[in-house]
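I opened this notebook to keep track of what I looked up in the structure, one topic at a time.

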Amino acid sequence: MVTGLKDEDLKKVYTVTYKPNAKYGYSAGQAYSVFLQGLKDGKILGRRCNKCGRVYVPPRMYCEYCFRPTDEWIEVKDEGIVMTAVASFISWTRERLETPEIVGVIRLYPSRDNDFVYPGLFHRICTTYEKVKDMSIIGKKVKAVWKPKEQRVGSINDIECFKEVE
Amino acid sequence: MSGMKPNIYFNKRVAVVGAGLTLFRRRIWETPQEMSWEAARKALDEAGLELKDIDCVVIGSAPDAFDGIHMKGEYLSHGAGGIRKMVSRVFVGGATGVMTPIAGWYHVASGLCSKVLVVAEEKMSPGRPHPQAVFKYIWDPITEKPLNPNLIWIFAMEMHRYMKAYNIKKEDIALVSVKNKNNAIDNPYAQIPAKITVEDVLKSEVLVWPVQLLDISPVSDGAAAMVLVGEDQARQLTDTPVWIEGVGWTLDSTGWPGRDLAYPRYLEHAARMAYKMAGIERPYKEIDVVEPYDPFDYKELHHLEGLMIAKRGEAPKLLKEGVFDRNGDIPSSPSGGLLGVGNPIAAAGLMKTISIYWQLKGTAGKMQVKKPVHTGVAQAWGDLMQASTVIVMRN
């Protein structure tokens with residue numbers, strides 16, 4: 001029968017600790033390189049498959065469904081609808097955050113309300129905890145808040161957040 | 001019902017004849033190999049077999065980074081009984097725990113192996129300061145990871161989408177946690193059995209709204225194992241084999257921000273495949289007991305809908321009516337689920353499969369559901385809102 005330990009018990013048994021020093025440089029590849037350049041230029045770029053009509057944001061050079069090359073780059077709007085939004089009181093290492101970080105999914109235009117798949121981005125949403133809590137932000141129209149041009153580096157963080165359009 | 005089976009040719013029917021579990025705990029002193037050995041030995045003992053009787057071994061384990069050891073399948077193999085045998089490891093994220101017996105099933109159903117040992121293990125405790133940090137590396141490195149996400153974000157996003165789409169309240173979802181932690185009181189392997197109230201869930205620490213501490217399964221270590229044999233062997237080994245009658249699995253795209261999270265389409269596909277194989281046409285009438293994957297409380301409801309046991313958005317209503325209680329019409333997570341028993345990822349899914357096996361065999365002890373059971377379903381889920389695995393068993 002296995003033995004469950006309490007946190008403090010870990011000091012009383014033999015353990016070996018190790019901290020890996022792993023660093024990665026992820027290359028952005030065919031589609032994302034153009035996408036990141038687009039962000040630097042203040043545009044959200046997608047790829048369209050002319051066979052099924054799907055617009056991929058983030059872009060793909062192939063259509064997942066038709067399994068053929070996508071056909072063309074298109075600029076989608078930097079506006080869309082909040083599909084979901086949450087307020088995080090913990091960091092990625094599970095440390096407590098005093099001010100919640102608000103993130104969600106934005107269904108970008110062009111798309112329709114009843115689409116099951118659509119050009120969509122995961123990003124921060126500049127709104128209040130109250131609007132997340134009562135779910136009123138979900139379904140609202142939002143627009144990208146861009147970093148000033150000289151601060152953009154070709155990163156998803158070139159967009160500060162998406163903010164409600166009055 | 002068997003008359004409705006589709007025209008799929010299998011070399012052999014496959015039966016479960018033994019299973020074993022370790023305790024599920026927050027920090028287990030034993031190594032992953034030692035945990036695997038304990039579960040595997042117990043499963044062989046229940047089956048009345050020795051390792052020499054086993055042809056093939058299938059190992060299941062989720063990301064290597066939890067245990068902190070690469071090539072985890074190979075690492076676990078001696079504890080899992082794999083030495084000098086045909087061994088493979090399967091991995092489909094959190095759905096691995098049910099994929100492992102499915103892989104065991106096709107080893108036997110194909111006629112390749114006659115007796116298979118299936119072992120699933122996870123040790124989440126070694127990561128410091130918290131295994132949460134490991135989850136950062138499942139996200140897209142270019143478009144998602146730079147936002148510094150934690151795993152709970154994606155669940156919270158799905159939960160809020162589900163709540164908004166079907167007008168579901170947090171207190172209705174919290175009932176899952178209350179039910180499962182209470183069911184776990186009767187499970188001798190459980191890590192966090194408890195009698196709690198809806199109020200306790202709603203008052204617990206807010207992690208990522210709408211997710212609170214008691215909406216989530218804990219960090220766990222544990223192992224599980226199962227023995228599968230062909231029909232020619234099954235009757236010699238036991239008077240009460242439990243048959244695997246349907247399997248299904250589907251992976252959707254990692255492009256989760258580009259599809260509606262309100263409904264798990266990929267699970268419906270997996271369920272339809274398994275039901276077709278098992279000849280199930282009306283899942284809400286023909287399934288007697290179910291173990292849907294419940295790493296978060298809303299997930300059990302979401303999965304009951306994807307399994308077509310409840311209509312879309314209606315699982316909370318049935319839950320409130322008591323349909324999913326242990327003595328209800330369709331008991332759901334009578335083991336106590338991940339919320340009550342614990343969540344050593346791959347081992348948790350196999351624990352769910354074993355729970356159904358013990359229910360159908362009638363050896364679930366205090367966990368045994370009240371009604372007579374003939375057909376049971378276990379399901380797991382994983383990756384970036386992508387993968388589902390479904391197994392149908394009958395006695």
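**A strand of chain A**

I began with strand β4 (residues 79–90) of chain A, which is mostly covered, since 10 of its 12 residues are buried (buried means that 20 or more other C-beta atoms, placed from the backbone, lie within 10 Å of the residue's own). Helices (H or I, at least four residues) and strands (E, at least two) are DSSP runs, numbered from the N terminus. I noted that this is a predicted model, in which local features need pLDDT of at least 70 and side-chain atom pairs count only at pLDDT 80 or more, while totals for chains, interfaces and linings use all residues. Residues are numbered from 1 along each chain as its sequence is written, and chains are lettered from A and ligands numbered from 1 in the order in which they are written.

I then looked up the partners of β4(A), taking two strands as paired if DSSP finds at least two bridges between them. To strand β5 (residues 96–108) of chain A it is joined by 9 bridges, antiparallel, and A:Val82 stands opposite A:Ile106 there. The hairpin of these two strands has 5 residues between them, and A:Arg94 takes a positive phi near 70° in it. With strand β7 (residues 141–146) of chain A, β4(A) pairs in the antiparallel sense over 3 bridges, where A:Gly80 has A:Val142 as its bridge partner.

**Across to chain B**

β4(A) also pairs with β5(B), in the antiparallel sense over 2 bridges; A:Ala87 has B:Trp209 as its bridge partner, and A:Ser88 stands opposite B:Val208. For the chains as a whole, I found 42 residues of chain B in contact with 43 residues of chain A (contact means C-beta atoms, placed from the backbone, within 7 Å). On the side of chain B that touches chain A, α1 (32–47), α5 (151–166) and β5 (206–209) each supply at least two residues, and the largest share, 8 residues, comes from α5(B).

**Within chain B**

I next followed an open sheet of 9 strands in chain B, in the order β3-β2-β4-β7-β1-β8-β11-β10-β9 with mixed pairing. Its edge strands are β3 (86–90) and β9 (289–291), each of which pairs on one side only. Inside this order, strand β8 (residues 242–251) is joined to strand β11 (residues 387–394) by 8 bridges, running antiparallel, and B:Ile244 stands opposite B:Met393.

Terms used
Two residues are in contact if their C-beta atoms, placed from the backbone, lie within 7 Å.
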